Amino acid sequence: MTLASSARSVRSRTAPGKRRPASQAEQRRARLALVDGGRSATNRSLGGRARRFVSWAGTRSTPLIQFAVALVFLSVCLLGSLLLRTQMVQNSFEASSVQSSISKLTQDVQDDQDKLDQLQASLPDKAQQMGMVPQRGTSSIDLNGYRPSENMQPQNQGQAPGARAGQH
Amino acid sequence: MDTVSFARRSIVIALVLALVAVIALGKLAWIQLFEGRQTAEAATRSRTVPHTLKAQRGRILDANGMILAQSVERYTIVGSPKAAADFIPVDCTKQTEGNCHAIKGKPVGVTGPAAVARILAPTLGMNPMELGAKLDGKGSYVVLKKDVPPQVKRTIDKLGLAGVISAELSNQRSYPHGELMGSLLGGVDAEGKGVAGLESMEDRVLTGKDGYEVYQQGMYGQQIPGTESRSQRPEDGKDVHLTIDGDVQWYVQKALSDGKSKYQAGWAMAVVQESTTGRIIALADTENKAAGSAEAKMNPPLVVSQTFEPGSIGKTITLSGMLQEGTHQMTDKFTVPDRIKVDGQEYHDAVDHAAEHWTMAGILQNSSNVGMVMAGEKYPDQKRYEYLTKFGIGQPSGLGLQGESKGLLTSPNTWDRRTRNTVLFGQGYATNAIQLTNAIATIANKGVRNQQSLIASVSDEDGKSERAATGQSTRVVDEQVAGQVMNGMESVADKFKNVASVDGYRVASKTGTAEVPGKDGRLSSIISDWTGIIPADNPRFVITVVMRDPQGTFGGLTAGPVFAQIGEFLMQKYELPPSSPRTDAIPVQW
């Protein structure tokens, strides 16, 4: 915000020097219209400000500033690149370590699952060794033609409608 | 003079040294400026190695999703005898703490392979002497132990033996259920390729596609993070879901073992098939070989490899053919003696009896060989062969199991005067238990023969499932004919209701007994079999039980009770409603 506002003030200082001949008022107004455009919402954006900053740095009156800005920019880029590279390597190590942990955990899960399967498979034999036997014989109740007795009906009336409906 | 001479010599030496320095600098500059890139690239190339990412073999699961076979990651521990020879253990002091070697808190005491062996042996569970002998050599690669669990490998990593001992990732095939379906599952070879049973049959589906990773590695082969340049994810093999129900399989295997002991049989085997779909629910025998073992890989399951004459069960096929061709009706009346002579050949029934007034249903119920020969008088040889073939006798089952025998059925023009009549009552041709089960399932399925199946579906690692292709179904006999044969088979089951019935459920069945060559090469061995449809009023399952040399001889008295035991379990397990009473029995006598 500060950088943008100073850029505008410098431009406003340089503009009057070029506007001295009063007879060219109309042309100057046309140029001013361009500056007005710079005040629009588009020029207030980051891209617009950057363009204005570059054009300001390119003026002949500010070579030292241009040099300083370039130096700072290069230093920042260098440091940023170093930082990013360090961070990348660090992340890479972390990713590698996480990947290794995932592999270990996957192996452990596989192993535990295998043990569980083996234990489950041994269940029937173990049950038999304990003297348990599979169920034998079937017992079924044929409800075909069944009618509830009279004294059961009052109890049934207390049931939910859905329960009684299910009997039919 | 001496001073001048010394100065000259010094200058000369200085010049020589300067020249050497200039040459060295020049070379350095040359390398840095002109060869630097190539040298760096060569170094990177030597560090950059492609690594295979092994795809995992798919699992085999039963119809309930129970895992029957799966692969687990294991390690092969490899030693370098060359590096072991130079190994000097580091004694544990305050300075070397955490990076030293000790055995139970005491110094190792020796150097070289013996030291490595002493440190490593307890972790690997091996004899130090044996391990030391393996490491005492000149090579740089010797396999110390295979299929080491990851936990053990991690312990080895902490022993401080890097450079001497390394580990290679491998896969081990695990069969949690051991002997359950051992021969049927088969096994894999050392490379993980299916070589027997279902592992071989479904190898293409189970095998995944290996991937790779290209990265720069450190001195010990470890990946340098951030150097991965190319990679391809491995595609794991697909899971194969079987139609076999592990619970039923376990119970059938148990019932067979009990039956084998009870009747002192040589072996016993059984097949359970869903009659409407052709799905095999259980394939069991009493051989009990652990899956993945050499025995399981060498011996296919008895149900596919063992062929036998079906004996009287074959009468159901003859009867179906005769009814379909209109040669006879189920109610046709016969006066059946216990022996008959045709074309100079005498045929007799299993038991002596007076001349009986039996219908066709009665001939089937009493399993009369004589009655079948009498009924077959106007049933041409070609039709006899045609219907046996249509029911799948002598034909491949289509399951694709390794070691399957398609049985033996010769063409009618090779039949002699006796064989042409023995085929009417299940002798003179051979079948396996799977073929026989499907023949009876055809009758249960209203005359339509389904393609049998063992594979229900195949699913990939994302859970996308694909149903296995089902084969074609063929109508063999009319629905009405199949119904009449079923009716006759129910009368057979009624006759054996005291030994092989399932309370609450109607059963349609047929027994069989046949003489087969024994170990002496003569017909001294007996095959007793029983095949049944349950429930008979609404067929759901076909069960075949076959026993060799049981005490009790007749199939109805030995294989029958085992059938009933399996049938009872199936009715409970699948919660099938009890049968309604039988009201339409075809008369068996007149």
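Biologist: What makes the meeting of H12(B) with H15(B), and which residues take part?

Modeller: On the side of H12(B) the residues are B:Ile317, B:Thr318, B:Ser320 and B:Gly321, and they meet B:Lys383, B:Arg384, B:Tyr387 and B:Leu388 of H15(B). Two residues are in contact if their C-beta atoms, placed from the backbone, lie within 7 Å. Helices are DSSP runs of H or I with at least four residues, strands are runs of E with at least two, and both are numbered from the N terminus. This is a predicted model, in which local features need pLDDT of at least 70 and side-chain atom pairs count only at pLDDT 80 or more, while totals for chains, interfaces and linings use all residues. Residues are numbered from 1 along each chain as its sequence is written, and chains are lettered from A and ligands numbered from 1 in the order in which they are written.

Biologist: How do you know the classes of the residues in the contact of H12(B) with H15(B)?

Modeller: Ala, Val, Leu, Ile, Met, Phe, Trp, Tyr, Cys and Pro count as nonpolar, Asp, Glu, Lys and Arg as charged, and the others, Gly among them, as polar. By that scheme the contact of H12(B) with H15(B) has three nonpolar, three polar and two charged residues. The axes of helix H12 (residues 315-324) of chain B and helix H15 (residues 381-390) of chain B come within 9 Å and cross at roughly 115 degrees. Such axes are lines fitted to C-alpha atoms, for helices over the stretch in contact, and the angles run from 0 to 180 degrees between N-to-C directions.

Biologist: Why is H3(B) called oblique to H4(B)?

Modeller: Helix H3 (residues 112-124) and helix H4 (residues 128-135) of chain B pack at an angle of about 135 degrees, with their axes 8 Å apart. Angles under 35 degrees count as roughly parallel, over 145 as roughly antiparallel, 65 to 115 as roughly perpendicular and the rest as oblique, so H3(B) is oblique to H4(B). The contact draws on residues of H3(B), including B:Val116 and B:Leu120, and on B:Pro128, B:Leu131, B:Gly132 and B:Leu135 of H4(B). The residues of this contact of H3(B) with H4(B) divide into nine nonpolar, one polar and one charged.

Biologist: How do you know that chain B is more spread out than a compact globule?

Modeller: Chain B has 19 helices and 25 strands. Its radius of gyration is 37 Å, well over the 25 Å that the globule rule gives for 590 residues, so chain B is more spread out than a compact globule. The radius is taken over C-alpha atoms, and the rule is 2.2 Å times the number of residues to the power 0.38. Along its principal axes the C-alpha trace of chain B spans about 150 × 55 × 50 Å.

Biologist: What makes A:Leu123 buried or exposed?

Modeller: A residue is buried if 20 or more other C-beta atoms lie within 10 Å of its own, exposed if 12 or fewer, and partly exposed in between, with C-beta atoms placed from the backbone. A:Leu123 has 9 other C-beta atoms within 10 Å and is therefore exposed. A:Leu123 is found in helix H4 (residues 63-129) of chain A. Buried residues make up 2% of the 168 residues in chain A, which has six helices and zero strands, whereas in chain B they make up 46% of the 590 residues.

Biologist: Why is B:Ala167 counted as partly exposed?

Modeller: B:Ala167 has 19 C-beta neighbours inside 10 Å, so it counts as partly exposed. B:Ala167 lies in strand S5 (residues 165-174) of chain B, and the residues that B:Ala167 touches include B:Ile77 and B:Lys153.

Biologist: How many residues of chain B are in contact with chain A?

Modeller: 22 residues of chain B are in contact with 21 residues of chain A. Strand S3 (67-79), helix H9 (246-262) and helix H19 (555-573) of chain B are the elements that give two or more residues to that side.

Definitions and conventions. Lists of a residue's contacts leave out its neighbours within four places in sequence.
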